[in-house]
Amino acid sequence: MSTVLEQKQAVVQEIADKLANSESIMFVDYRGLNVGQATELRSKLREVDVEFKVYKNTMTRRATEETNYTDVDEHLVGPTAIATSRTDAVAAAKVLHEFSKENQALEIKAGIIQGEVMPVEDIKQLAELPSYDGLVSMLLNVLQAPIRNFALASKAVADQKEENEDAS
């Protein structure tokens with residue numbers, strides 16, 4: 001076997017491993033980003049432990065065949081970068097969505113989140129949800145509200161009784 005073929009097979013295997021072992025995979029069109037913008041994007045993705053790499057579409061298609069994600073093949077047209085996260089299912093979507101708001105040149109093509117191929121609209125909706133910590137905070141506020149209101153009402157009743165006793 002030639003070394004070129006072996007190198008290509010290694011790249012296909014690398015992509016297949018990422019597709020199989022990642023919580024989320026985002027496919028984006030990065031055309032139009034200048035070097036500074038691309039560096040900024042990579043930095044933001046690195047902060048949330050997301051890997052961002054450009055692969056040839058033919059190699060990616062071969063990897064999707066191996067991992068049964070051929071539904072994304074229709075989006076593998078033109079320059080495509082892949083953002084993968086092994087730990088957080090929404091980190092890549094949030095960063096890419098926020099970055100695409102500021103930089104119109106970046107376009108999310110499709111994504112795979114926890115093994116399910118998702119269209120762009122669903123990815124954007126998911127990216128706009130609060131973080132896990134934010135959701136827990138909201139839940140705690142909802143759970144505390146009745147107790148807080150009861151305490152305030154009890155204090156108001158006690159204050160009113162105290163005023164009535166002072167007036168008498």
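**View 1. Glu-165 is found in helix α6, residues 132-167.** Helices are DSSP runs of H or I with at least four residues, strands are runs of E with at least two, and both are numbered from the N terminus. This is a predicted model, in which local features need pLDDT of at least 70, side-chain atom pairs count only at pLDDT 80 or more, and totals for chains, interfaces and linings use all residues. Residues are numbered from 1 along each chain as its sequence is written, and side-chain values use heavy atoms, with hydrogens and water left out. Glu-165 counts as exposed because its relative accessibility is 60%; exposed means over 50% relative accessible area, buried under 20%, and partly exposed in between (1.4 Å probe, protein chains only). Glu-165 gathers with Glu-162, Glu-163 and Asp-166 in a surface patch of negative charge. Patch members have over 30% relative accessible area and no salt bridge, with like charges joined within 9 Å and nonpolar side chains (Val, Leu, Ile, Met, Phe, Trp, Tyr) within 5 Å. A salt bridge is a side-chain nitrogen of Lys or Arg within 4 Å of a carboxyl oxygen of Asp or Glu.

**View 2. Helix α3 (residues 57-67) has buried residues, among them Met-59 and Ala-63.** Asn-57, Thr-60, Thr-64 and Thr-67 of α3 are buried as well. The arc is that of the directions from the helix axis to the C-beta atoms. Arg-62 and Glu-65 are exposed on the other side of α3.

**View 3. Asn-68 and Gln-114 have positive phi values.** Most residues other than glycine have a negative phi. Asn-68 has a phi near 60° and lies in the loop between α3 and β3 (81-85). With 67% relative accessibility, Asn-68 counts as exposed. For Gln-114, phi is near 50°, and the residue is found in the loop between β4 (107-113) and β5 (116-118). Gln-114 is exposed, at a relative accessible area of 58%.

**View 4. Ala-127 lies in helix α5, residues 120-128.** Ala-127 counts as buried because its relative accessibility is 6%. Val-90 and Ala-127 are 37 residues apart in sequence, and their C-alpha atoms are 6.5 Å apart in space. Along with Ala-127, the buried residues of α5 are Val-120, Ile-123 and Leu-126. Seen down the axis of α5, these buried residues fall within an arc of 125° and therefore line one face of the helix. Glu-121, Gln-125 and Glu-128 are exposed on the face of α5 turned away from its buried side.

Conventions. Areas by Shrake-Rupley, 256 points an atom, 1.4 Å probe, with all protein chains shown as cover. Lys, Arg positive; Asp, Glu negative; His and termini not counted. Charge placed at Lys NZ, Arg CZ, Asp CG, Glu CD.
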